[in-house]
Amino acid sequence: MSMSLKRSALGAFLSLVAVYYPPGAQCREFMIPVEVSSEVVQFNFPQWGNDFELVDFLAIATTRQTPETPSPIGDSAVQTNTFRIAASFCSPREPTEKSKTVIVATHGIGQARSHWNSPLVPDEYNFVQFAISQGYSVFFYDRLGQGFSERISGFVNQINIQVEILKELTRIVKTGAVTEAIGVPEKVALMGYSFGSYITHAAISTVPDLADAVVLTAVGFNPEGLNINGLVRSFVPRIANMQSSKFSSWDTGYLTWVDKFTQMNTYFKLPFFDEATANFVEQEKQPFAWTEFFTINMGNGGDFDASAFTGAALAITGQNDYIVCDGDCVGIFEEPASTLYQNAQPFVPYLHPNASHNFNFHYNATGAYAVITKFLDDNI
C-alpha cells in the first residue's frame, strides 16, 4: 500500500457516530478507499420503476425455465473502480496473546455491519463484544451499497465486486494500516454471515493464502436446501425506496422484504427469539441489491472449490435454517461443504440448536459465539 493510501485509510470517518461499542474495547472508525478490478456482469432484465413492474419480473424469474428462456446474464467485462468503504476496528483495551488475531467480518443481505455490533442487549447479541471478551480483535465493515459505505446501482452491485473488495480490505488489514492499536496483525480469520459467507468462500477459494482461518456462518452449499426461487417468493420483495422514506437514497434496484413477519419466516425460529428482538432487527434492516441476490450462486459451491485452502475452516448455522436448508439442516449440511474444504486443517461443520438463519439474534447467540471463538482458540 502506498503511503498516501495508508494515510487516507487511517483517516477517521467523522460523520459516523457509533450507536454502541463494547466497554472493554477500543474502537476506531474509518472510511477506506478501496481500488478493485472485478469482472462485472451485465444483466438482461428491465430496470423496473415501480412495484407492479417488479412483481411481474419476479413472477417470470421464479417460474419454470425452459431451454427457450432467455438468459438474464449478459456479457461481462473487467472494470477497475475505487469505492469508499466504511469500517470499524475494535481491539481489547487490555491486550492479550490473541489481540493480534483479527477477525475480518462481512455481513449479509438485509443488514449492515451493526449485525456484528448490536446495541440491543449486547451481552446477549453482540458478537464484537463477545470476541473482545475472549481477547480477539475485530475489523467489520459496511459492504458496498450498505450502511455508510458508497452506493452503486442496485442493478449493478453483485458478488464479484464484493469479493474483490473483501480481498483488498483483508490485505489492508494485514499491513497494519487500520490496526494501529495492536500493530501489524499476526493472524487473520475471515468471517461471513449469509451472503457475506458466500463472499468469504469465494475470496478464500481464489486466494487460499488470504487468511489463516475462515468462519462461515448462516451458510449452506447443498442445492437441496438452498431454494432460490422459493426464497424470492418467501421474501415478497418490494422496491425499498417505495416502502420507506429512510431508503430514499437507494435506487429502484434495491429491494427489501415486505414486513417483519416475512423476515421472521426466513431468519428466525419460534419459540427461540422474542418479539422485541425481531422488531429491532426489522427496524435496522437495509435494502439489498437485486443483482446481489441474483448472483449468490456465483459464489456458491458449484463455482468455487476451496480445496487449495489448508487453514482452519468452520461452517456454522442454525439447525432450523430456513434459507440455506429449507428449514432443516440435518443430513444435508456437511456435504458438499466438507468436500469443498477437503484440505482444511481442520474443517468443522456445526449445527447450532434452537435457531434459524440469523442465530445472532436468537436466545442462544452467545452459545454460537463460544463455538466460534473456541474454534479459533484451538486452530490458529
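Predicted model: local features only at pLDDT ≥ 70, side-chain atom pairs only at ≥ 80, totals over all residues.
Me: Which residues lie closest to the centre of the largest pocket?
Reply: Lining residues have an atom within 4 Å of a point. The largest pocket is lined by 24 residues, and the closest to its centre are Phe 57, Ala 61, Gln 65, Pro 72 and Phe 294.

Me: Which helix gives the most to the lining of the largest pocket?
Reply: Helices are DSSP runs of H or I with at least four residues, and strands are runs of E with at least two, numbered from the N terminus. At least two lining residues come from each of H2 (51-61), H7 (228-235) and H11 (290-294). The most, with 5 residues, come from H2.

Me: How many residues of the lining of the largest pocket are charged?
Reply: Ala, Val, Leu, Ile, Met, Phe, Trp, Tyr, Cys and Pro count as nonpolar, Asp, Glu, Lys and Arg as charged, and the others, Gly among them, as polar. The lining has 15 nonpolar and 7 polar residues, and the number charged is 2.

Me: How much space lies in the largest cavity?
Reply: A cavity is a set of grid points where a 1.4 Å probe fits but cannot get out. The whole structure has 2 cavities of 30 Å³ or more. The space in the largest cavity is about 100 Å³.

Me: Which residues lie nearest the centre of the largest cavity?
Reply: Helices H6 (195-206), H7 and H12 (322-325) each supply at least two residues of its lining. That lining has 11 nonpolar, 2 polar and no charged residues. Of the 13 lining residues, those nearest the centre are Ser 194, Leu 231, Ile 296, Ile 323 and His 357.

Me: What is the volume of the second largest cavity?
Reply: Among the residues that line the second largest cavity are Gln 111, His 115, Phe 280, Val 281 and Lys 285. By class, the lining has 4 nonpolar, 4 polar and 2 charged residues. The volume is about 80 Å³.

Me: What covers the buried residues of helix H10?
Reply: Buried means under 20% relative accessible area, exposed over 50%, and partly exposed in between, with a 1.4 Å probe and protein chains only. The buried residues of H10 (residues 275-283) are Thr 277, Ala 278, Phe 280, Val 281 and Glu 282. The cover, counted by contact (heavy atoms within 4.5 Å), includes H3 (122-125), S8 and H9 (260-267).

Me: Which are the edge strands of the open sheet of 3 strands?
Reply: Two strands pair if DSSP finds at least two bridges between them. S7 (residues 237-239) pairs with S8 in the antiparallel sense over 3 bridges, and S8 pairs with S9 (residues 288-289) in the antiparallel sense over 2 bridges. The order is S7-S8-S9. Each edge strand pairs on one side only, and the two are S7 and S9.

Me: Which residue of S8 is the bridge partner of Ile 239?
Reply: In S8 (residues 254-257), Tyr 254 and Thr 256 point one way, Leu 255 and Trp 257 the other way, and all are buried. Thr 256 stands opposite Arg 238, and Tyr 254 stands opposite Ala 289 in S9. The bridge partner of Ile 239 is Leu 255.

Me: How many residues apart in sequence are the parts tied together by Cys 27 and Cys 90?
Reply: A disulfide is a pair of cysteine sulfur atoms within 2.5 Å, and the sulfur atoms of Cys 27 and Cys 90 are 2.1 Å apart. Cys 27 lies in S1 (residues 25-43) and Cys 90 in S2 (residues 73-92), so the pair ties together parts whose separation in sequence is 63 residues.

Me: Why is the disulfide of Cys 325 and Cys 329 called right-handed, and what is its torsion?
Reply: Cys 325 and Cys 329 are joined S to S at 2.0 Å, and both are buried. The disulfide is right-handed because the torsion about its S-S bond is about 95°.

How values were computed. Residues numbered from 1 in each chain as written. Heavy atoms only, no water. 1 Å grid on protein atoms, 1.4 Å probe; cavity = no way out; pocket = protein on both sides within 12 Å on 5 of 7 lines; lining within 4 Å. Points joined across faces, edges and corners; volume = space filled by probe spheres on them.
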